[in-house]
Amino acid sequence: MSASSAFNDEKGGSSSVAEPEYGHDPASGGIFSSDYKRHDDLKEMLDSNKDSLKLEAMKRIVAMIARGKNASDLFPAVVKNVACKNIEVKKLVYVYLVRYAEEQQDLALLSISTFQRGLKDPNQLIRASALRVLSSIRVTIIVPIMMLAIKEAASDMSPYVRKTAAHAIPKLYSLDPEQKDQLIEVIEKLLADKTTLVAGSVVMAFEEVCPERIDLIHKNYRKLCNLLIDVEEWGQVVIINMLTRYARTQFLNPNMNESLLEEGNSGEKTFYGSDEDEDEDEEEKEKKAEAAAMAKRKPYVMDPDHRLLLRNTKPLLQSRNAAVVMAVAQLYFHLAPKAEVGVIAKALVRLLRSHSEVQYVVLQNVATMTIKRRGMFEPYLKSFYIRSTDPTQIKILKLEVLTNLANETNISTILREFQTYIKSMDKDFVAATIQAIGRCATNIGEVRDTCLNGLVQLLSNRDELVVAESVVVIKKLLQMQPEKHSDIIKHMAKLTDNIQVPMARASILWLIGEYCEHVPKIAPDVLRKMAKSFTNEEDIVKLQIINLAAKLYLTNSKQTKLLTQYVLNLAKYDQNYDIRDRARFIRQLIVPTEKSGALSKYAKKLFLALKPAPVLESPFKDRDHFQLGSLSHLLNAKAGGYQELPDWPEAAPDPSVRNVEVPEWTKCSSREKRKEKKVEKPFYSDSEGESGPTESADSESDSASGSESGSGSEESGSGSESEESEEGSESEEEEEDEEEKDKKKKKKELKKPVQETESLLLPLFRLQTISPSSALKNYELLHRITGEGLSVEYCFSRQPFSPDANMVAVQMHFTNNATSDTKNLHMEDVKLQSGMRVKEFPEIELLPAGETTTAVMGIDFCDSTQAANFQLCTHTRKFFVSIQPPVGELMRPFFMTENEFRKEQGQLMGMNEITEKLTLDAKCRNEHAIVQRVTTAANLSRVPCGSDKEFAGRTVTSSSLVLVTVATKEEGAAQLTVNCEKMVIGTMLVKDILLALTQ
Amino acid sequence: MISQIFILSSKGDHLIYKDFRGEAGSDVVSIFYEKVMTLTGDQPPVVMSHKDLQFIHVRQGGLYWVATTTADSSPFTIIEFLNRLAALVKDYCGSLSEKMVQMNFALIYELLDEVVDYGYIQTTSSDVLKNFIQTEAVSSRPFSLFDISNVGLFGAETQQSIVAPSSAATRPIQSSREQGGKSEIFVDVIERMTIVIGSNGMLMKADVEGEITVKCYMPNCTEMRIGLNEEFSIGKSQLRGYGAAVRVDECSFHQAVRLDEFDSHRILRLCPSQGEQTVMQYQLSDDLPSAPPFRLFPTIERDSGGRLLMYLKLRCDLPPKSCLLLKCVMYVTPVASVFSLSQELSSPDQSAELKPQSRAVVWKVPRFTGGTQLSALFKLDVPGLSSASMQEVGPVGLSFELPKYTATGLQIRFLRLSPVQPGPSQRWVRYVTHSDSYTIRI
């Protein structure tokens with residue numbers, strides 16, 4: 001009864017939530033005096049059949065947890081509801097379980113089976129959330145279950161579940177570090193994942209579980225670089241930080257050739273001017289670098305992978321997430337060649353417009369950067385001007401930056417700006433400004449006197465703090481050249497009457513004592529005044545009075561002997577032991593007695609030795625040994641788990657580790673050679689590709705390989721052969737890097753440099769959509785009736801046939817329509833014309849009834865359309881079949897520019913040129929349709945930017961050029977021109993294309 | 001990696017506490033508050049350490065949003081995350097305040113649970129979170145049409161937290177699915193001006209930061225097109241259209257904005273997700289299209305009785321009818337200790353007072369029409385006034401807000417939604433320019 005009345009009360013409380021006079025929430029305990037009662041009521045609600053009551057109870061329980069109240073005694077009642085159908089209730093039960101499972105292990109185990117069921121749910125969201133909660137239950141007994149669940153989820157179809165699996169890894173690791181090896185296996189697997197969703201999460205797991213296993217990254221490096229731009233922003237931060245570390249261990253220092261002397265100056269010159277200039281500089285530099293690399297004189301050449309990282313991160317400077325921008329900025333600062341670091345300045349300055357907390361952290365990093373690379377931020381000087389609304393911390397940091405940026409040219413502007421800051425009401429800021437003026441004065445000799453005069457004027461300021469701070473700074477400045485400024489010292493001596501700030505008084509006294517010879521008349525008088533007020537002074541002032549007395553005693557003992565004695569006597573009975581000790585020590589040192597030792601002879605030397613002037617330097621001076629953007633840098637102390645940025649290696653580790661595994665037959669012997677080539681051309685697409693911020697490395701290397709093969713084939717026949725095979729292997733490799741859904745499509749596309757070059761201007765991931773949409777034409781090899789249930793179709797897949805570049809790849813689709821299995825499918829008795837060769841497909845051991853399989857064979861047709869005849873054998877039958885290629889399949893696309901095309905065309909005139917007039921089919925009068933039909937008919941590539949529709953290719957065996965031009969006129973009239981050394985091929989090609997265009 | 005997250009009220013009440021990794025006890029909350037309280041100065045440092053635990057916090061909506069970490073994780077990540085979290089809570093609860101948080105403990109805890117997993121940030125996109133968050137927000141007061149009367153009225157303070165749109169736009173995104181028909185969209189063009197005018201009247205620095213924010217309460221809005229002025233140009237080189245150029249130096253867009261029509265027609269296309277988002281941010285430095293809106297002509301002298309006379313003439317250079325200044329607060333900084341102030345102002349609704357702690361004279365002008373001029377004479381009793389101290393007067397700071405005015409001239413030509421919304425839908429476009437820091441040196 002009491003429980004139900006409590007319940008009513010409670011309802012009243014919760015329904016009042018929407019009332020304006022709402023004071024405290026029902027769960028806060030204000031309504032109920034005893035916890036017991038409240039929980040009783042919650043239990044009842046949880047046990048009820050109504051979802052609404054359960055939900056209400058769960059909300060209140062979660063609210064209790066949220067505020068840090070203990071709700072653990074409700075565990076049994078809550079855990080019962082884990083299988084609740086209502087998703088809202090279920091969700092909140094999960095939240096509760098994650099919080100309390102560790103404390104109530106036995107009861108938590110009751111819920112495990114629900115999650116295990118959830119892991120099998122068809123809904124990916126439920127699978128993921130079950131895994132997430134399961135992995136959050138920190139109970140050691142279920143480690144094997146968790147391990148199993150993670151492993152399974154790592155190969156789940158849904159990338160969202162795989163992502164959750166990646167998140168679960170660090171949880172399991174912290175619960176049971178002994179699972180590390182198994183977990184690393186899972187990480188390795190997930191690192192190879194090609195979806196952007198997973199990439200960020202798995203790198204987080206990698207960083208927590210096994211950051212030392214840098215070798216796991218090698219194979220995924222290029223993929224990560226390429227995916228980066230599409231990864232979710234928090235993942236980007238983690239990946240960029242990890243790649244920074246990786247790059248530091250794998251690449252050479254890009255600045256290693258520049259001598260240390262240049263360090264300060266080179267930056268300044270490069271970074272004036274706007275972005276365009278920078279880009280030009282960059283280009284110029286790259287051109288130079290390229291030239292140098294060609295000549296193979298300059299020892300440093302940037303690894304193309306290093307360049308890839310820099311290029312792919314640069315667009316992220318535009319991110320709206322400050323963390324991403326900073327991550328890229330630190331990457332550039334730590335990894336980029338000096339001339340390129342400038343690009344980050346603008347992005348960082350932009351961050352200064354965001355929340356003050358972000359500003360604070362950005363300014364800390366900028367302050368460090370300005371010490372090393374001053375030139376970078378000079379164009380943005382004005383952005384660091386202080387606004388009256390800035391909080392003090394930010395004002396002080398901006399001052400720091402302005403001081404670091406000051407040089408001979410801008411100092412007058414900066415000083416004028418400082419002058420207005422002194423009027424500010426913020427005392428800390430004013431003090432910092434005065435110190436900043438002092439630092440400018442020490443750093444820049446030209447303005448030292450101006451600054452000093454300005455500071456002396458401040459001595460008459462009404463604000464004591466301003467005066468005091470000025471005194472301290474003047475003291476430091478005077479130490480640099482005291483003899484010139486005795487009038488300033490005199491002026492300051494007068495100030496002792498007015499200034500009360502101890503530090504300032506002490507500074508004045510020290511100055512007078514130090515330079516008492518410059519002010520011989522005033523000094524004893526100051527001492528007299530001070531002796532009078534000695535007992536009322538602060539400790540630091542007292543110490544300086546003793547100091548002054550001692551120095552005067554040594555230089556002018558006649559006038560000051562008594563005064564000194566008096567001061568020392570006062571000090572002898574001071575409350576502070578330090579002052580008493582000092583007085584005793586000085587008396588022994590300067591007053592000659594019979595007992596005094598050898599030291600008193602040197603008293604003058606001791607006291608009046610020439611003191612080195614203090615160096616006013618930035619507090620950020622040695623911060624740069626911490627990685628920028630890290631917490632340690634901000635704190636200027638090592639934070640837990642800080643991983644030091646490794647130094648550049650002396651010699652670059654083997655770059656080939658980043659090459660992705662290729663199928664065994666293409667592990668060509670000339671890998672080293674290829675590598676070398678790639679290095680020679682690292683800037684190939686850079687120089688033209690600056691416009692497209694996201695152009696990928698793939699397109700770079702592809703276009704590079706395209707031109708390679710071009711140059712290669714101009715050499716002798718044997719030479720071109722090896723070139724071709726290299727190219728084949730390279731495109732194989734590159735595609736491994738890529739996220740791809742349809743391998744065949746992709747391969748075909750890689751062989752179509754037309755699209756490739758277009759893709760330079762497009763983001764990486766649109767590559768897939770621009771691959772030719774035309775389906776490959778299928779030909780029948782064996783009809784299912786003649787084949788007694790076995791039907792075979794083939795098509796020319798237009799992908800390179802890797803084992804032999806001179807062969808045309810033929811893809812065969814075997815379908816077993818019969819009711820029984822077909823075994824041992826293979827080829828026999830190949831009958832060929834002379835010169836032709838065949839590479840048979842590997843034997844298919846079993847093709848079960850109703851199944852389909854594919855195999856690839858290669859045929860060298862010797863640039864003729866003669867058929868290849870062979871027998872297709874099964875375990876029971878033999879079928880005679882033949883493959884005859886359309887002429888369009890005897891060639892492969894060849895990439896050339898319009899000019900090259902014209903030049904080559906000029907050389908293939910006369911007999912080698914065939915021209916045909918035609919009327920285009922009504923449906924194919926637009927450019928797109930023409931291109932599509934021609935490329936379907938023949939395996940050619942379009943010449944980019946050509947005025948007419950021009951296509952180029954080479955025959956597969958002899959690499960003869962095949963050039964096709966379609967010139968369109970009004971009303972569908974057109975002229976087709978084919979230039980080809982092989983007249984037979986030319987004639988046949990004209991026929992085929994004619995057919996394609998007119999039907 | 002984030003170890004714990006907690007939200008504290010400005011008085012130190014524990015509102016939300018969530019521990020992700022179990023690395024530190026819950027007593028850190030009080031440790032943090034003690035640290036904040038013992039510090040003097042206007043703002044505690046962003047990062048504070050206690051043993052090997054680091055506190056990183058931001059302040060939003062009068063609350064402390066704190067994350068602790070034991071590892072070296074990027075402070076940017078955490079700060080950015082806390083800001084995003086605050087924005088998310090604001091989206092889900094409608095507004096940010098202690099009361100709002102108290103009413104939505106369960107919702108915020110659930111949000112935290114989804115957003116951070118074991119200290120790792122999973123996602124902060126409200127579109128993704130929509131799939132997971134089940135709890136409905138409780139808002140203090142049902143949304144009523146009366147609030148719309150306030151549309152366009154903004155708080156006068158210049159702090160960012162107060163620049164939030166007025167109450168019409170402060171309702172939780174999720175409740176919109178219950179309330180059904182009220183589909184509304186708010187598009188705000190907010191600009192902040194930073195101007196420094198030298199003592200000779202020269203413009204020394206001018207800087208405008210602007211943003212277009214969209215707050216969307218349309219459950220089924222698939223696409224929205226915002227048309228900007230045709231003359232809008234970015235950078236110095238290009239000039240477009242025939243009218244006066246509307247130029248900005250830099251411009252960045254939310255990632256969801258599609259720009260295919262931007263180059264040709266200056267149209268932003270986006271699919272707004274529920275809640276508030278900044279669609280576009282832009283900056284303009286130094287080269288304002290028009291003269292700064294306010295000029296000051298000060299005369300400062302000493303009268304025979306040893307008093308400091310400040311005669312100030314303030315002129316508003318905005319076109320007469322288009323602008324209506326709501327509030328103008330002026331801080332004139334005089335010399336150190338001022339005993340008394342007497343004033344002569346040009347109209348009775350103005351007021352002026354002396355703030356001894358900040359040593360400032362504050363002149364409040366509630367209404368100021370474009371093209372007019374105001375004047376004021378302040379007489380200050382300053383003991384021991386010398387000619388040197390005359391130098392110490394100033395600068396004058398102005399804070400104001402100008403509704404229906406943008407300093408860059410950016411305008412929204414049209415706002416189209418597709419598919420055409422069924423039922424009544426309202427589209428609001430508002431412009432306002434704030435002073436971020438408007439300083440006139442004397």
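Predicted model: local features only at pLDDT ≥ 70, side-chain atom pairs only at ≥ 80, totals over all residues.
Local features need pLDDT of at least 70 and side-chain atom pairs count only at pLDDT 80 or more, whereas totals for chains, interfaces and linings use all residues. Residues are numbered from 1 along each chain as its sequence is written, chains are lettered from A and ligands numbered from 1 in the order in which they are written, and side-chain values use heavy atoms, with hydrogens and water left out.

Q: Why is B:Ser437 called buried?
A: Buried means under 20% relative accessible area, exposed over 50% and partly exposed in between (1.4 Å probe, protein chains only). B:Ser437 has a value of 4%, so it is classed as buried. This residue lies in strand E27 (residues 425–440) of chain B, where strands are DSSP runs of E with at least two residues and helices are runs of H or I with at least four, numbered from the N terminus. B:Ser437 touches residues of chain A, including A:Arg387 and A:Ser388, and also B:Met193; contact means heavy atoms within 4.5 Å.

Q: What makes the side chains of A:Asp305 and A:Arg222 a salt bridge?
A: A salt bridge requires a side-chain nitrogen of Lys or Arg within 4 Å of a carboxyl oxygen of Asp or Glu. The N to O distance for A:Asp305 and A:Arg222 is 2.9 Å. A:Asp305 belongs to helix H17 (residues 304–313) and A:Arg222 to helix H13 (residues 221–227) of chain A, so the pair ties together parts 83 residues apart in sequence. A:Asp305 is buried at 5%, and A:Arg222 is buried at 6%.

Q: How is A:Lys80 classified, buried or exposed?
A: A:Lys80 has a relative accessible area of 56% and is therefore exposed. Its side chain meets that of A:Asp47 in a salt bridge at 3.2 Å, N to O. A:Lys80 lies in the loop between helix H4 (75–79) and helix H5 (87–100) of chain A, and A:Asp47 in helix H2 (residues 35–47), 33 residues apart. A:Asp47, at 45%, counts as partly exposed.

Q: Why are strand E14 and strand E26 of chain B said to stand at the edges?
A: Two strands pair if DSSP finds at least two bridges between them. The open sheet of 3 strands has the order E14-E10-E26 (chain B), with antiparallel pairing. Strand E14 (267–270) and strand E26 (412–418) each have a single partner strand, so one side of each is left without a neighbour in the sheet.

Q: What joins chain A and chain B?
A: The count between the two chains is 13 salt bridges. One of the pairs is A:Glu208 and B:Arg21, whose side chains meet at 2.5 Å, N to O. The contact takes 78 residues from chain A and 86 residues from chain B. About 7200 Å² is buried between them, 52% of it on carbon and sulfur atoms; buried area is the accessible area (1.4 Å probe) that two parts lose on being put together, summed over both.

Methods
Lists of a residue's contacts leave out its neighbours within four places in sequence.
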